[in-house]
Amino acid sequence: MKKINGIIILITSVLLMSACKENGRFLQSITGSPYEVLVVIEKKNWKSEAGEALFNLLEKDMPSLPQKEPFFNVSHCSPKEFSNLYKPTRNIVFVEIDNTQYTKGKVKLSKDKWSSPQSLVKIVAPDDTTFIKLLKNNGQQILDYLVEGELDRMKDHLGDHTNSNFMHMIQQQFGVSMTVPHFIVQYKQEKDALWLSTGVAEVRQDIFIYSYPYKDKAMLTKEALLQKRDSINKTFIPGPQKGSYLGTEYKYDDPIFNEIWVDDKYCAEIRGLWKVINGGSMGGPFMSHTRIDELHQRVITIEVFVYAPQKKKRNSIRQLESLLYSAKLPTVLDEVVITAEKKK
């Protein structure tokens, strides 16, 4: 293993999925690239306000990226054109707008009809007005469902191609079980922090794990977590010039804080942009999960970030995001009381 000698980046590999057996039947592998979705819809509806609303939902800008990139890249075909060539597509949204068949709108989510692992969404409505209202009320759920499918695919794929040495290092240092992909090849380690990187010259991907004693829930606010992030990064992740370091960008893109649940336990999620403080013009997206190691009464933060100048970054940061969900903390003995309500 090589040690990291400075701030350095990556290009996401294309997923190759093999055929699998589902409910006694063999399904072929999915086709298409990550974060591509096919909309099956009548041409007249695609050109209507309903079609425009769906397109705007699927291709709206993903947050916390330095340049505009959509949640999904969208293509479409009519039901008549939906042949066997299209059926294995990884993400498919079916739309039917017909007042002779439907009196109310409905959204149905399903998986693995023609291939695996495949995500399917069916949206039906009697008219454009009902359809648009349906998207307004259920649009985020549809996006979350499709993104979750992509994250699960990536997590499974990366789990088959790992760096076992680094996985053992994380287990020994933090008691955390976590997938580390084979393309992570460099590291820097101290007592309560571990920085892993691809070390690639064009697009770099990094994982940064650190821990500190847990005192109370006030440590889990957005402000407290970002303050701790900047403090730790200042001493641990240097920039290209003396005195510079990888800090948080606040001016042009305020970090997004969410309270989520991972493995039925509270997790503070932050998405944002990083930049080099005190010199240099480097920057990019980052994402972190902060959870409580209840067994040892520690706060554990796992952060991922990407540096890819002049390159698209959506798939690279999403790939690393899937790794955050692979992390398993030490065995939980006692509950830590958090104010957030569990999301359904």
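**Close-up views of a predicted model**

View 1. Trp114 is partly exposed, because its relative accessible area of 22% lies between the limit of 20%, under which a residue is called buried, and the limit of 50%, over which it is called exposed. This value, like every other in these legends, was computed from a predicted model. Phe94, in contrast, counts as buried, with a relative accessibility of 17%. In the model as a whole, the count of aromatic pairs, taken as rings with their centres within 6.5 Å, comes to 12. In the pair shown here, the ring centres of Phe94 and Trp114 are 5.8 Å apart and the ring planes meet at 55°, so the pair is described as tilted. These two residues link distant parts of the chain, since Phe94 belongs to strand β6 while Trp114 sits in the loop between β7 and β8 (115-116), 20 residues apart.

View 2. The 5 strands follow one another in the order β5-β4-β6-β9-β7, and their pairing is mixed. Strands β5 (73-77) and β7 (106-111) stand at the edges with a single partner strand each, so one side of each has no neighbour in the sheet. From one strand to the next, the twist averages 20°. Within this sheet, β4 (residues 36-40) and β6 (residues 91-97) run parallel and are joined by 3 bridges, and Val40 stands opposite Phe94 in β6. Helix α3 (residues 128-159) packs on the sheet and touches β4, β6, β7 and β9 (119-125), while its direction makes an angle of about 175° with that of β9.

**View 3. Helix α4 and its buried face.** Helix α4 (residues 164-174) has the buried residues Phe166, Met169, Ile170, Gln173 and Phe174. Seen down the axis of α4, these buried residues fall within an arc of 95°, so they line one face of the helix. At the start of the helix, a side-chain oxygen of Asn163 comes to within 3.2 Å of the backbone nitrogen of Asn165, and just after the helix, Gly175 takes a positive phi of about 70°.

**View 4. Strand β16 between two antiparallel partners.** Strand β16 (residues 283-293) is mostly covered, as 10 of its 11 residues are buried. It pairs with β15 (residues 265-277) in the antiparallel sense over 8 bridges, with Leu273 standing opposite Pro285 in β16. These two strands form a hairpin that has 5 residues between them, and in the turn Asn278 shows a positive phi of about 70°. Another 8 bridges join β16 to β17, which also run antiparallel, and here Thr290 has Thr301 in β17 as its bridge partner. The hairpin of β16 and β17 has 4 residues between the strands, and in this hairpin Gln297 takes a positive phi near 50°.

**View 5. Ser326 and the residues around it.** Ser326 lies in the segment after α6 (314-324) and counts as buried, with a relative accessibility of 10%. Its side chain reaches the backbone nitrogen of Thr179 at 3.1 Å. Leaving aside residues up to four places away in sequence, Ser326 touches Lys155, Ser177, Met178 and Thr179.

Terms used
Residues numbered from 1 in each chain as written. Predicted model: local features only at pLDDT ≥ 70, side-chain atom pairs only at ≥ 80, totals over all residues. Heavy atoms only, no water. Buried < 20%, exposed > 50% of the residue type's maximum accessible area, 1.4 Å probe, protein only. Arc of directions from axis to C-beta. Polar contact = N/O pair within 3.5 Å; in protein donor to acceptor, adjacent residues only side chain to side chain. Pairing = 2+ DSSP bridges. Axes fitted to C-alpha atoms, helices over the stretch in contact; angles between N-to-C directions. Contact = heavy atoms within 4.5 Å. Phe/Tyr/Trp six-rings, centres within 6.5 Å; stacked < 30°, edge-to-face > 60°.
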